[in-house]
Amino acid sequence: MLRRLSKEQPENFKFTKVNLNWAKAQLKKYPKGRQASAVIPLLWRAQEQEGWVSKPAIEFVANFLDMPEVRVLEVATFYFMFHLAPVGSKAHFQVCGTTPCMLRGSEDLINICKSRVNERQKSLSSDGFMSWEEVECLGGCANAPVVQIGSDYFEDLDKDSFEKLINDIEKNNTPIPGSRKGRFSSEPADMTKKYSRKKLSFENASIERFRG
Ligand code: FES
(Lines give C-alpha, C1' and ligand atoms only; values in the text may rest on other atoms or scores of the structure.)
Protein backbone atom coordinates (compact mmCIF):
# COMPACT_ATOMS: atom_id res chain seq x y z
CA MET A 1 0.00 0.00 0.00
CA LEU A 2 1.30 3.44 -0.93
CA ARG A 3 1.59 5.66 2.12
CA ARG A 4 2.08 9.37 1.66
CA LEU A 5 2.66 12.23 4.07
CA SER A 6 -0.31 14.42 4.92
CA LYS A 7 -0.88 17.51 2.77
CA GLU A 8 -1.39 19.43 6.01
CA GLN A 9 1.91 19.93 7.78
CA PRO A 10 2.98 22.01 10.79
CA GLU A 11 5.65 24.63 10.25
CA ASN A 12 8.18 22.98 12.50
CA PHE A 13 8.87 20.28 15.04
CA LYS A 14 11.07 19.97 18.05
CA PHE A 15 11.21 17.62 20.99
CA THR A 16 10.12 18.84 24.39
CA LYS A 17 12.99 19.24 26.82
CA VAL A 18 12.21 15.90 28.46
CA ASN A 19 12.03 14.10 25.13
CA LEU A 20 15.19 15.78 23.87
CA ASN A 21 17.09 14.55 26.91
CA TRP A 22 15.60 11.10 26.39
CA ALA A 23 16.66 11.15 22.71
CA LYS A 24 20.22 12.14 23.60
CA ALA A 25 20.37 9.26 26.07
CA GLN A 26 19.23 6.82 23.35
CA LEU A 27 22.22 7.68 21.19
CA LYS A 28 24.54 6.33 23.87
CA LYS A 29 23.03 2.87 23.41
CA TYR A 30 24.55 2.51 19.95
CA PRO A 31 28.17 2.21 18.78
CA LYS A 32 29.77 5.34 17.39
CA GLY A 33 28.66 5.97 13.81
CA ARG A 34 25.60 3.72 14.22
CA GLN A 35 23.25 6.32 15.69
CA ALA A 36 20.90 5.85 12.72
CA SER A 37 19.80 2.64 14.46
CA ALA A 38 17.80 4.87 16.83
CA VAL A 39 15.52 6.03 14.04
CA ILE A 40 12.49 3.93 15.02
CA PRO A 41 12.51 4.82 18.75
CA LEU A 42 12.95 8.50 17.91
CA LEU A 43 10.13 8.51 15.37
CA TRP A 44 7.96 6.69 17.89
CA ARG A 45 8.74 9.28 20.56
CA ALA A 46 7.89 12.06 18.10
CA GLN A 47 4.56 10.34 17.46
CA GLU A 48 3.89 9.94 21.19
CA GLN A 49 4.54 13.67 21.59
CA GLU A 50 2.49 14.95 18.64
CA GLY A 51 0.10 12.08 17.96
CA TRP A 52 1.48 11.57 14.45
CA VAL A 53 4.68 11.84 12.41
CA SER A 54 4.88 15.04 10.40
CA LYS A 55 7.36 16.05 7.69
CA PRO A 56 9.11 18.47 10.06
CA ALA A 57 9.42 15.63 12.60
CA ILE A 58 11.04 13.43 9.95
CA GLU A 59 13.45 16.24 9.07
CA PHE A 60 14.21 16.81 12.75
CA VAL A 61 14.99 13.13 13.36
CA ALA A 62 17.16 12.97 10.22
CA ASN A 63 19.11 15.99 11.34
CA PHE A 64 19.39 14.68 14.91
CA LEU A 65 20.73 11.33 13.72
CA ASP A 66 22.85 12.83 10.95
CA MET A 67 21.24 10.69 8.26
CA PRO A 68 19.57 11.51 4.91
CA GLU A 69 15.94 12.63 5.25
CA VAL A 70 14.86 10.11 2.64
CA ARG A 71 16.09 7.25 4.86
CA VAL A 72 13.90 8.45 7.74
CA LEU A 73 11.01 8.96 5.30
CA GLU A 74 11.42 5.36 4.14
CA VAL A 75 11.10 4.08 7.70
CA ALA A 76 8.14 6.30 8.57
CA THR A 77 6.21 5.33 5.43
CA PHE A 78 7.08 1.61 5.64
CA TYR A 79 5.78 0.87 9.14
CA PHE A 80 2.03 1.14 9.62
CA MET A 81 2.51 1.94 13.30
CA PHE A 82 3.50 5.46 12.27
CA HIS A 83 0.55 7.76 11.60
CA LEU A 84 1.32 10.07 8.69
CA ALA A 85 -1.64 12.41 9.23
CA PRO A 86 -3.16 14.02 12.34
CA VAL A 87 -5.16 11.69 14.59
CA GLY A 88 -7.72 12.48 17.29
CA SER A 89 -6.23 14.58 20.07
CA LYS A 90 -7.94 12.45 22.74
CA ALA A 91 -7.89 9.03 21.11
CA HIS A 92 -7.11 7.20 17.92
CA PHE A 93 -8.95 3.86 17.96
CA GLN A 94 -7.14 1.06 16.16
CA VAL A 95 -9.82 -1.59 15.74
CA CYS A 96 -8.59 -5.07 14.90
CA GLY A 97 -10.58 -6.44 11.98
CA THR A 98 -8.75 -9.74 11.46
CA THR A 99 -10.65 -13.06 11.60
CA PRO A 100 -10.76 -13.88 15.37
CA CYS A 101 -11.79 -10.31 16.24
CA MET A 102 -14.21 -10.22 13.32
CA LEU A 103 -15.84 -13.46 14.54
CA ARG A 104 -16.12 -11.95 18.02
CA GLY A 105 -17.85 -8.75 16.93
CA SER A 106 -15.28 -6.25 15.63
CA GLU A 107 -17.70 -5.23 12.86
CA ASP A 108 -20.02 -3.87 15.56
CA LEU A 109 -17.12 -1.82 16.94
CA ILE A 110 -16.29 -0.49 13.49
CA ASN A 111 -19.92 0.52 12.96
CA ILE A 112 -19.84 2.40 16.28
CA CYS A 113 -16.68 4.19 15.11
CA LYS A 114 -18.44 5.10 11.86
CA SER A 115 -21.44 6.56 13.67
CA ARG A 116 -19.69 8.23 16.62
CA VAL A 117 -16.30 9.26 15.22
CA ASN A 118 -16.36 9.56 11.44
CA GLU A 119 -17.87 7.55 8.61
CA ARG A 120 -14.39 7.35 7.11
CA GLN A 121 -11.44 5.81 8.88
CA LYS A 122 -8.27 7.92 9.35
CA SER A 123 -10.45 11.03 9.46
CA LEU A 124 -11.00 13.25 12.48
CA SER A 125 -14.27 13.55 14.36
CA SER A 126 -15.99 16.93 13.92
CA ASP A 127 -14.40 18.24 17.15
CA GLY A 128 -11.00 16.78 16.26
CA PHE A 129 -10.87 14.73 19.47
CA MET A 130 -11.15 11.25 17.98
CA SER A 131 -10.25 9.20 14.92
CA TRP A 132 -10.19 5.50 14.06
CA GLU A 133 -8.81 2.95 11.67
CA GLU A 134 -9.16 -0.78 11.05
CA VAL A 135 -5.90 -2.65 11.60
CA GLU A 136 -4.60 -6.17 11.16
CA CYS A 137 -4.16 -8.61 14.09
CA LEU A 138 -2.95 -6.89 17.24
CA GLY A 139 -1.71 -10.15 18.74
CA GLY A 140 -4.39 -10.29 21.43
CA CYS A 141 -6.69 -12.75 19.63
CA ALA A 142 -7.46 -14.79 22.78
CA ASN A 143 -9.20 -11.70 24.18
CA ALA A 144 -10.93 -10.68 20.96
CA PRO A 145 -12.23 -8.25 19.95
CA VAL A 146 -9.40 -5.87 20.69
CA VAL A 147 -8.98 -2.10 20.24
CA GLN A 148 -5.66 -0.35 20.72
CA ILE A 149 -5.35 3.28 21.83
CA GLY A 150 -1.78 4.53 21.98
CA SER A 151 0.13 1.65 23.56
CA ASP A 152 -2.86 0.33 25.54
CA TYR A 153 -5.07 -2.64 24.66
CA PHE A 154 -8.79 -2.78 25.44
CA GLU A 155 -9.97 -6.37 25.19
CA ASP A 156 -13.09 -8.54 25.31
CA LEU A 157 -15.09 -5.58 24.06
CA ASP A 158 -18.72 -5.63 22.99
CA LYS A 159 -21.07 -2.88 21.83
CA ASP A 160 -21.87 -1.64 25.35
CA SER A 161 -18.32 -1.67 26.71
CA PHE A 162 -16.98 0.06 23.60
CA GLU A 163 -19.69 2.74 23.78
CA LYS A 164 -18.71 3.24 27.43
CA LEU A 165 -15.04 3.47 26.48
CA ILE A 166 -15.84 6.24 24.00
CA ASN A 167 -18.05 7.99 26.59
CA ASP A 168 -15.21 7.93 29.11
CA ILE A 169 -12.79 9.42 26.62
CA GLU A 170 -15.27 12.14 25.67
CA LYS A 171 -15.67 13.02 29.36
CA ASN A 172 -11.89 13.03 29.89
CA ASN A 173 -12.14 10.01 32.21
CA THR A 174 -9.07 7.80 31.85
CA PRO A 175 -10.21 4.30 30.90
CA ILE A 176 -8.29 1.45 32.50
CA PRO A 177 -6.76 -0.79 29.82
CA GLY A 178 -7.29 -4.53 29.76
CA SER A 179 -10.13 -7.03 29.55
CA ARG A 180 -13.72 -5.84 29.82
CA LYS A 181 -14.64 -9.27 31.23
CA GLY A 182 -12.33 -9.04 34.23
CA ARG A 183 -9.72 -11.37 32.84
CA PHE A 184 -6.17 -10.96 34.13
CA SER A 185 -4.64 -12.28 30.92
CA SER A 186 -6.15 -14.87 28.56
CA GLU A 187 -7.40 -17.41 31.10
CA PRO A 188 -10.90 -18.85 30.52
CA ALA A 189 -13.52 -16.26 31.47
CA ASP A 190 -14.98 -18.52 34.19
CA MET A 191 -11.59 -18.74 35.90
CA THR A 192 -11.27 -15.02 36.64
CA LYS A 193 -11.98 -15.56 40.38
CA LYS A 194 -9.01 -17.87 40.68
CA TYR A 195 -6.77 -15.09 39.42
CA SER A 196 -8.37 -12.22 41.32
CA ARG A 197 -5.35 -11.89 43.61
CA LYS A 198 -3.11 -11.39 40.63
CA LYS A 199 -5.35 -8.65 39.29
CA LEU A 200 -4.21 -6.44 42.15
CA SER A 201 -0.59 -7.03 41.33
CA PHE A 202 1.51 -4.10 40.20
CA GLU A 203 3.09 -6.53 37.77
CA ASN A 204 0.07 -6.01 35.59
CA ALA A 205 1.26 -2.69 34.23
CA SER A 206 -1.48 -2.42 31.64
CA ILE A 207 -4.08 -2.30 34.39
CA GLU A 208 -2.15 -0.33 36.98
CA ARG A 209 -0.63 2.30 34.74
CA PHE A 210 -3.28 4.96 35.24
CA ARG A 211 -3.93 4.35 38.90
CA GLY A 212 -1.05 6.57 39.93
S1 FES B 1 -7.31 -11.11 15.37
FE2 FES B 1 -7.66 -9.36 16.60
S3 FES B 1 -6.00 -9.41 17.98
FE4 FES B 1 -5.61 -11.08 16.65
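Visitor: Which residues does Val95 touch, not counting residues up to four places away in sequence?

Guide: This is a predicted model, in which local features need pLDDT of at least 70 and side-chain atom pairs count only at pLDDT 80 or more, while totals for chains, interfaces and linings use all residues. Residues are numbered from 1 along each chain as its sequence is written. Two residues are in contact if their C-beta atoms, placed from the backbone, lie within 7 Å. On that criterion Val95 touches Ser106, Leu109, Ile110, Cys113, Trp132, Glu134, Val135 and Val147, leaving aside residues up to four places away in sequence.

Visitor: Is Val95 buried or exposed?

Guide: A residue is buried if 20 or more other C-beta atoms lie within 10 Å of its own, exposed if 12 or fewer, and partly exposed in between, with C-beta atoms placed from the backbone. Val95 counts as buried because it has 23 C-beta neighbours inside 10 Å. In the protein chain, buried residues make up 26% of the 212 residues.

Visitor: Which elements does the protein chain contain, and how do they run from the N terminus on?

Guide: Helices (H or I, at least four residues) and strands (E, at least two) are DSSP runs, numbered from the N terminus. The protein chain has nine helices and five strands, and their order is α-α-α-α-β-α-α-β-β-β-α-β-α-α. Val95 itself lies in strand β1.

Visitor: In what order do the strands form the sheet?

Guide: Strands of a sheet pair through backbone hydrogen bonds, either parallel or antiparallel. Two strands are taken to pair if DSSP finds at least two bridges between them. Here five strands form an open sheet in the order β2-β1-β3-β4-β5, with mixed pairing; the edge strands, β2 and β5 (178-179), each pair on one side only.

Visitor: How many bridges join β1 to β3, and how many does β1 share with β2?

Guide: β1 and β3 run antiparallel and are joined by three bridges, with Phe93 standing opposite Ile149 in β3. Between β1 and β2 the pairing is parallel and extends over six bridges, and there the partner of Val95 is Glu134 in β2. Further along the sheet, β4 and β5 run parallel and are joined by two bridges, with Gly178 in β5 as the bridge partner of Phe154.

Visitor: Which residues of β1 are buried on each of its faces?

Guide: Ala91, Phe93 and Val95 are buried on one side, and His92, Gln94 and Cys96 are buried on the other, so that both faces are covered. Because six of the six residues of β1 are buried, this strand is largely enclosed by the rest of the structure. Helix α6 lies across β1, β2 and β3, and runs at about 150° to β1; such angles run from 0 to 180 degrees between N-to-C directions, and the axes are lines fitted to C-alpha atoms, for helices over the stretch in contact.

Visitor: Which residues touch the most other members of the largest nonpolar core?

Guide: A nonpolar core is a set of buried Ala, Val, Leu, Ile, Met, Phe, Trp, Tyr and Cys residues joined through C-beta atoms within 7 Å. The largest one has 19 residues, of which Phe93, Val95, Leu109, Cys113, Val146, Val147 and Phe162 touch the most other members. At least two residues come from each of β1 (91-96), α6, β2 (130-135) and α7, and β1 gives the largest share, four residues. A second, separate core of 15 residues includes Ala46, Val53, Ile58 and Val61.

Visitor: Why do the buried residues of α7 lie on the same side of this helix?

Guide: The residues concerned are Phe162, Leu165 and Ile166. They lie on the same side of α7 because they cover an arc of only 95° around the axis, the arc being that of the directions from the helix axis to the C-beta atoms. Asp160 and Asn167 are exposed on the other side of α7, while the cover over the buried residues of α7 includes α6 (106-116), β3 (147-149) and β4 (152-155).

Visitor: Which helices do the buried residues of α3 pack against?

Guide: In helix α3 (residues 55-65) the buried residues are Ala57, Ile58, Phe60, Val61, Phe64 and Leu65. These cover an arc of only 160° around the axis, which puts them on the same side of α3. They pack against α1 (17-27), α2 (39-50) and α4 (69-78). After α3 comes Asp66, whose phi is positive, near 55°.
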